[in-house]
Amino acid sequence: MEPTPLTAAPPPAPAAREPITCHVLDLTTGRPAASVAVSLTLLRPFGPSAPLTAVTSSDGRVNQWNGEAGSSLSEIFANLQEHDGGQMVWSLKFDTGAYFGIDRTFFPEVEVKFFVDANSGHYHVPLLLGPWSFTTYRGS
């Protein structure tokens, strides 16, 4: 009797991607900015909401948000698509003062406000950050 070859278990399904993600790149080092506190707040409609929060990973990314009482970004998007046509204004706040040190940056925080259409897919917002300047854009 021949042994039955072992088959690998299928890989786990990837977690659903959040509708809004971000990442931070430190322009002084040319590397991702790890451990930057970030908040995401719905400003319009029905806002401001309680902020969703996260901390950038070792590669400077936020792929998942933590909400109060288990609220999720995907649920907010689904509710707005049903009730308001999906037009939104969001705010991302990056705690740059804690990252660089209050006495080593011009910006205690960086806030980026942006329009979102809940029916237009994923929004990725990179922040290119230095102690004296920053820039951002809609990524992919």
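**View 1. Asp-59 and Arg-61 form a salt bridge, with 3.7 Å between their closest N and O atoms.** Welcome to this predicted model. How exposed are the two partners of this first pair? Asp-59 has a relative accessible area of 37%, so it counts as partly exposed. Arg-61 is partly exposed as well, because its relative accessibility is 33%. Both values fall between the 20% limit for buried residues and the 50% limit for exposed ones.

**View 2. Asp-103 and Arg-104 meet through their side chains in a salt bridge.** Here the N to O distance is 3.8 Å. Is Asp-103 buried or exposed? Its relative accessibility is 65%, so Asp-103 counts as exposed. How many salt bridges does a search of the whole structure find? The search finds two.

**View 3. Four strands make up an open sheet in the order β4-β3-β6-β7.** The pairing in this sheet is antiparallel.

**View 4. Strand β3, residues 37-44, pairs with β4 in the antiparallel sense.** Four bridges hold this pairing. To find your way, look for Val-38: it stands opposite Ala-54 in β4. Val-38 also has a bridge partner in β6, namely Phe-94. β3 and β6 run antiparallel and are joined by six bridges.

**View 5. Strand β6 covers residues 87-94 and is largely enclosed by the rest of the structure.** Why can β6 be described this way? Six of its eight residues are buried, so the rest of the structure largely encloses this strand. A residue is called buried when its relative accessible area is under 20%.

**View 6. β6 and β7 pair in the antiparallel sense.** How many bridges does this pairing run over? There are eight bridges between β6 and β7. A handy landmark is Ser-91, which stands opposite Lys-113 in β7. With this pairing you reach the β7 end of the strand order β4-β3-β6-β7.

Conventions
Residues numbered from 1 in each chain as written. Predicted model: local features only at pLDDT ≥ 70, side-chain atom pairs only at ≥ 80, totals over all residues. Heavy atoms only, no water. Pairing = 2+ DSSP bridges. Helix = DSSP H or I, 4+ residues; strand = E, 2+ residues; numbered from the N terminus. Buried < 20%, exposed > 50% of the residue type's maximum accessible area, 1.4 Å probe, protein only. Salt bridge = Lys/Arg side-chain N within 4 Å of Asp/Glu carboxyl O.
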